[in-house]
Amino acid sequence: QDNLTTLGKFISGLSGYIFAYVKENFLELSIAQTIYRGKDAYPIVELDNRRVYTDMERSELQLHGGTNSEGANASTSQCTFAQLFRQMRKYKVEVMRAPLDARERLLSVKYKGEQGLDWGGLYRDTIERW
């Protein structure tokens with residue numbers, strides 16, 4: 001017998017024993033019971049748009065210049081994804097299980113040094129720019 005260490009593996013192991021809709025209901029209930037409602041839900045992350053474009057220009061120069069430098073290094077990259085990843089590492093994993101807010105976002109986005117309220121556009125721009 002396989003080591004069924006996760007709920008997903010356990011439910012998958014029951015494939016021949018229970019109906020799919022029962023498994024789906026069980027999984028939905030399990031997810032609903034792990035929703036996070038802590039005070040640190042819906043974090044506000046601040047991204048530096050200037051660094052994104054500087055990093056993109058540096059990468060473009062390296063690509064055409066044929067040099068391989070730290071611009072391609074994920075730990076030093078200033079792309080939107082890398083900045084967002086580093087910001088989100090500050091929060092507990094449970095924060096990612098919060099329900100989406102009224103605008104269907106898990107977090108709010110601010111751009112450093114730029115005016116703008118995140119009514120959905122900044123968030124959408126960040127997510128689409130991965």
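Good morning. A word of caution to begin: this is a predicted model. Keep that in mind throughout.

Let's start with the layout. The protein chain has five helices and two strands. Read from the N terminus, the order is α-α-β-α-α-β-α. There are 130 residues, and 27% of them are buried. Now look at the contacts with a separation of 6 or more. Of these, 57% join residues 24 or more positions apart.

Next, the inside. Which residues make up the largest nonpolar core? There are nine: Val-45, Leu-47, Leu-84, Met-88, Leu-107, Val-109, Tyr-111, Leu-122 and Tyr-123. Four elements give at least two residues each to this core: strands β1 (44–47) and β2 (108–111), plus helices α4 and α5 (121–128). Take Met-88 as an example. Leave out residues up to four places away in sequence, and Met-88 touches Pro-43, Val-45, Met-96 and Leu-107. In soluble globular proteins, nonpolar side chains tend to be buried together.

Now the aromatic rings. To describe a pair, we give the distance of the centres and the angle of the planes. How many aromatic pairs are there? The count is two. Phe-19 and Tyr-21 are both exposed.

Then we have Phe-81 and Phe-85. Why is this pair called stacked? Planes under 30 degrees apart count as stacked. The planes of Phe-81 and Phe-85 are at 20°, with the centres 6.3 Å apart, so the pair is stacked. Both residues sit in helix α4, residues 80–88. They are four residues apart, which means about one helical turn between them. Phe-81 is partly exposed, at 41% relative accessible area. Phe-85 is partly exposed too, at 44%.

The accessible surface of the protein chain is about 9,800 Å², and carbon and sulfur atoms account for 55% of that. One nonpolar patch covers about 430 Å². What makes this patch? Leu-7, Phe-10, Phe-26, Leu-27 and Ile-31 do. Helices α1 (7–13) and α2 (20–33) each give two or more residues to the patch. The largest share is from α2, with three residues. Ile-31, for instance, lies in α2.

That's the tour. Thank you.

Notes: Residues numbered from 1 in each chain as written. Predicted model: local features only at pLDDT ≥ 70, side-chain atom pairs only at ≥ 80, totals over all residues. Heavy atoms only, no water. Patch = residues over 30% accessible without salt bridge, like charges linked within 9 Å, V, L, I, M, F, W, Y side chains within 5 Å. Areas by Shrake-Rupley, 256 points an atom, 1.4 Å probe, with all protein chains shown as cover. Salt bridge = Lys/Arg side-chain N within 4 Å of Asp/Glu carboxyl O. Phe/Tyr/Trp six-rings, centres within 6.5 Å; stacked < 30°, edge-to-face > 60°. Buried < 20%, exposed > 50% of the residue type's maximum accessible area, 1.4 Å probe, protein only. Core = buried A, V, L, I, M, F, W, Y, C linked by side-chain atoms within 4.5 Å. Contact = heavy atoms within 4.5 Å.
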